[in-house]
Amino acid sequence: MTPHLMQALQAAGLWSGLLIILLLVLSGVVVSGRRRHLVSFGDGGNPELQSATRAFGNCAEYAAPGMVALGLLALLGAEPWMIHAVGATLFIGRVIHALGLLFQTGPSLGRVLGMVLTWIALLSVAVGLIAYAL
């Protein structure tokens, strides 16, 4: 394995690991809310639990393809700085979005900014994958 490939894979591993930790934290928020509100399944119609469940679910929906794409980009020979840039943008976007869901009701700047950063990251990685694949 070349040093370049190793650095790219390490970058993908770093951001994937951080995204997985974020998913675990958000899962913990859901479990804690369910225990506090005595809800064994779903959100029980509780607004706090609805927000926590969506924060986790939305993160999972976007982080999973992002992590796979980061790994593929590394394997295709992308520069480590590119993987770091996309990974950091995706991670920051997911954190900001989750905070916007958990601590504000209704539309919020956190949700909007988080989604914009997430879309930028996913569009960047998609373009990178196509470019490196050609």
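## Packing of helix α4

In this predicted model, the buried residues of α4, where buried means under 20% relative accessible area with a 1.4 Å probe and protein chains only, pack against α2 (47-75) and α3 (80-103). They are Gly110, Gly114, Met115, Leu117, Thr118, Ala121, Val125, Gly128 and Leu129. An α-helix has 3.6 residues a turn, so residues three or four places apart point the same way.

Helix α4 itself covers residues 109-133, and its 25 residues reach 36 Å from the first C-alpha to the last, close to the 36 Å expected at 1.5 Å a residue, a span defined as 1.5 Å times one less than the number of residues.

## Helices α1 and α3

Helix α1 (residues 3-36) packs with α3 at an angle of about 10°, with their axes 8 Å apart, the axes being lines fitted to C-alpha atoms over the stretch in contact and the angles running from 0 to 180 degrees between N-to-C directions. That makes α1 roughly parallel to α3, because angles under 35 degrees count as roughly parallel.

## The whole protein

The protein has 4 helices and 0 strands, these being DSSP runs of H or I with at least four residues and of E with at least two. Of its 134 residues, 38% count as buried.

## Basis of the model

Residues are numbered from 1 along each chain as its sequence is written, and side-chain values use heavy atoms, with hydrogens and water left out. In this predicted model local features need pLDDT of at least 70 and side-chain atom pairs count only at pLDDT 80 or more, whereas totals for chains, interfaces and linings use all residues.

Conventions:
Buried < 20%, exposed > 50% of the residue type's maximum accessible area, 1.4 Å probe, protein only. Contact = heavy atoms within 4.5 Å. Parallel < 35°, antiparallel > 145°, perpendicular 65-115°, else oblique.
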